[in-house]
Amino acid sequence: MLTTIAAALLAAQPAPAPAPAPAAPPPAPARAVEGLTPRLAEAPDYKEDAPWLCLPGRVDSCSRPLPTTALGPNGYGATGQAVPNAQAKVDCFYVYPTVSRDPGMNSDLAAGPEEQGAAWVQMGKLASVCRPFAPVYRQLTATALGRVMGGGVDPSANFVIAYNDVLAAWREFLAHRNQGRPFILVGHSQGSIHLQRLIQDEIDGKAIAGKMVSAVLLGWPVEVPTGKTVGGTFKHVPLCTRGGETGCVLTWMTFRAEAPPPDPSFLGRAKGAGMTAGCTNPAALGSDAPAKLESNWFTLPRPNAPAIAWSSEGPPPTLFVRTEGLVTGRCTHSGTAGYLAVSVNTVPGAKWTNAIPGDVYMLGQINKGWGMHLADMNIAQGDLVRVLAAQVAATVSGGATPARHSAAAPPKSRPR
């Protein structure tokens, strides 16, 4: 099982960082995590600030402004900057995806451009609704996953090391940094795998679940029984099905509508019998109807992928562009498959692009089993921020509607 998981994560290539923040100082000495095998459980001392990639009130990857230009059919529009909300009433605990290019099986604890870039691209926008906390952890590296793909390497022990770091950071977060505030969990790819286990071990069915505003688990399947919202990956934590609902999961894996997950497929499908992969379109919660998405794109080209001509007017004036309605997404289910199917809306004579990035290239070819894994966060990030803001507002006002912990089918609702 872990070998399959590790191989799957190879696709999570790092987001480039054009101007990385200063590298983190050397980590504090390791300590053991209670209840775990000492040989595998040595973790950084997260009581110190050094092994944290992001902390509130600090100049780091999650607090850097995101210079963003609107892009519509008529071309480029206004430019602004997304900045953190220093008055946020809720915390985010973020675990970044597989980005490390360190040579070993597990990454070191010095946050390089890969980790900093991923946090900037994925959490910078979300920091408008929550105070960001992101531990540096000894993740299974992209280098290690290449070895796993080659065969003959068992990464199970290395994967445990990575999870133990996340667990140690989480326990420190709750004990001394969170101060009883509501929280949102945010992960992508390997980050989502670790957070799934964290929810299973530390949150699901426990009192602390009442503090969880939601969990954003992208790029890895959250399994549910076909036609239900809970009962697979989690016993009590269901998929989110309506605005303002709390204590639930937002999850999707992105595939082009014309290229659905093959069978078998690493992503886009559940593994368990009678299960499907959950999908919660943030632009149409509780519905499988199509809805136009608000996307936030990092415009520098990725290695091995074609460059995008964002507009016929020329290159974008900022590193990020925001599009509304360029892409339509709908949650699609077929047997074990559950995914966000996306289509580009071509408009005759429009100045904006008719192509979007996110495909995974291996050996120079698109790997269809990965879909648009690299765009999972970007594809509907504006919609996600709105959903989280509504959840936070409901939580802070005391008007939140806790998710129903049942196996009921999701209600039908209209897309926006």
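## Ground rules

Helices (H or I, at least four residues) and strands (E, at least two) are DSSP runs, numbered from the N terminus. This is a predicted model, so local features need pLDDT of at least 70 and side-chain atom pairs count only at pLDDT 80 or more, while totals for chains, interfaces and linings use all residues. Residues are numbered from 1 along each chain as its sequence is written, and side-chain values use heavy atoms, with hydrogens and water left out.

## The chain as a whole

The chain holds seven helices and 18 strands. It has 416 residues, and 58% of them count as buried. Buried means under 20% relative accessible area; exposed means over 50%; partly exposed lies in between (1.4 Å probe, protein chains only).

A contact means heavy atoms within 4.5 Å. Among contacts in the chain with a separation of 6 or more, 78% come from residues 24 or more positions apart.

Strand S6 covers residues 183-188. Six of its six residues are buried, so S6 is largely enclosed by the rest of the structure. In a regular strand the side chains alternate between the two faces of the sheet. In S6, Phe183, Leu185 and Gly187 point one way. Ile184, Val186 and His188 point the other way.

Which strands pair with S6? Two strands pair if DSSP finds at least two bridges between them. Strand S4 (residues 91-95) runs parallel to S6 and is joined to it by five bridges. Strand S7 (residues 212-218) also runs parallel to S6, with six bridges. Gly187 takes part on both sides: Val95 stands opposite it, and Leu217 is its bridge partner in S7. From S6 the chain crosses through helix H6 (residues 190-203) to S7, in a right-handed β-α-β crossover. Right-handed means that, with the strands pointing away from the viewer, the path from the first strand over the helix to the second runs clockwise.

Ser189 lies in the loop between S6 and H6. Its phi is near 60 degrees, a positive value in a residue other than glycine. Ser189 counts as buried, at 1% relative accessibility.

## Nonpolar cores

A nonpolar core is a set of buried Ala, Val, Leu, Ile, Met, Phe, Trp, Tyr and Cys residues joined through side-chain atoms within 4.5 Å. The largest one has 88 residues. Which members touch the most others? They are Phe93, Ile184, Leu185, Val186, Trp297 and Ile379. Helix H5 (residues 156-177) gives the largest share of this core, eight residues. Another core, of 18 residues, lies apart from it, and includes Leu140, Phe255, Leu267 and Met362.

Look at Val186 in S6. Leaving out residues up to four places away in sequence, Val186 touches several others, among them Cys92, Phe93, Leu195, Val216 and Met377.

Helix H3 (residues 113-123) is largely enclosed too, because ten of its eleven residues are buried. Trp120 is one of the buried residues of H3. The charged end of Arg64 sits over the ring of Trp120, 3.9 Å from its centre. A charge sits over a ring if NZ of Lys or CZ of Arg is within 6 Å of the ring centre and within 35 degrees of the ring normal.

## Aromatic pairs

Rings of Phe, Tyr and Trp (its six-membered ring) pair if their centres lie within 6.5 Å; planes under 30 degrees apart count as stacked, over 60 as edge-to-face and the rest as tilted. The structure holds 15 aromatic pairs. Trp297 and Trp310 form a tilted pair, 5.9 Å centre to centre, with 40 degrees between the planes. Trp297 lies in strand S13 (residues 291-298) and Trp310 in the loop between S13 and strand S14 (320-334), so this pair ties together parts 13 residues apart in sequence. Both Trp297 and Trp310 are buried.

Phe298 and Phe320 form another tilted pair, at 5.2 Å centre to centre and 55 degrees between the planes. Phe298 is in S13 and Phe320 in S14, so the pair ties together parts 22 residues apart in sequence. Phe298 is buried at 11% relative accessibility, and Phe320 at 3%.

## Loop details

Asn304 lies in the loop between S13 and S14. Its phi is near 70 degrees, a positive value in a residue other than glycine. Asn304 is exposed, with a relative accessible area of 62%.

Pro264 is in the loop between strand S11 (254-256) and strand S12 (275-277). The peptide bond from Asp263 to Pro264 is cis, with omega near 5 degrees.
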